[in-house]
Amino acid sequence: MAGGDFQAQGPLSERELQVIELVAAGLTNQEIAEKLEISKRTVDNHISNILTKTETDNRVALVRWALQWGKVCIDDVNCCPLPNVRNEASS
């Protein structure tokens, strides 16, 4: 997923986008911390920053925001495969 985000108050970092994907996958902050090999407190801070940047109030609203702006793909919903540039270039 792309780094910056024009639909948020500030640009979302690659790490914040990773956290959003894991929130959308249903992981708890502790599970996200374990998966990303960072502390739970760091995840808490990321979530707080993300909620501020996206102007959302909670995790459900964040996931709705992420789906609306194409930041996550859940169970093949909201998935849009990008064209394969290499195949098109060789055609």
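Author: Lys-40 and Asp-44 lie four residues apart in helix 3, so about one helical turn separates them; helices are DSSP runs of H or I with at least four residues, numbered from the N terminus. This is a predicted model, in which local features need pLDDT of at least 70 and side-chain atom pairs count only at pLDDT 80 or more, while totals for chains, interfaces and linings use all residues. Residues are numbered from 1 along each chain as its sequence is written, and side-chain values use heavy atoms, leaving out hydrogens and water.

Reader: Why is the pair Lys-40 and Asp-44 called a salt bridge?

Author: A salt bridge requires a side-chain nitrogen of Lys or Arg within 4 Å of a carboxyl oxygen of Asp or Glu. The closest N and O atoms of Lys-40 and Asp-44 are 3.0 Å apart, so the pair meets that definition.

Reader: What makes Glu-16 count as buried?

Author: Buried means under 20% relative accessible area, exposed over 50%, and partly exposed in between (1.4 Å probe, protein chains only). Glu-16 has 5% relative accessibility, so Glu-16 counts as buried. Its salt-bridge partner is Lys-53, with the closest N and O atoms 2.9 Å apart. Lys-53, at 22%, is partly exposed.

Reader: How do you know that the buried residues of helix 4 line one face?

Author: In helix 4, Leu-62, Val-63, Trp-65 and Ala-66 are buried. Seen down the helix axis, they fall within an arc of 160 degrees, so they line one face; the arc is that of the directions from the helix axis to the C-beta atoms. On the other side, Val-60, Arg-64 and Gln-68 are exposed.

Definitions and conventions
Helices (H or I, at least four residues) and strands (E, at least two) are DSSP runs, numbered from the N terminus.
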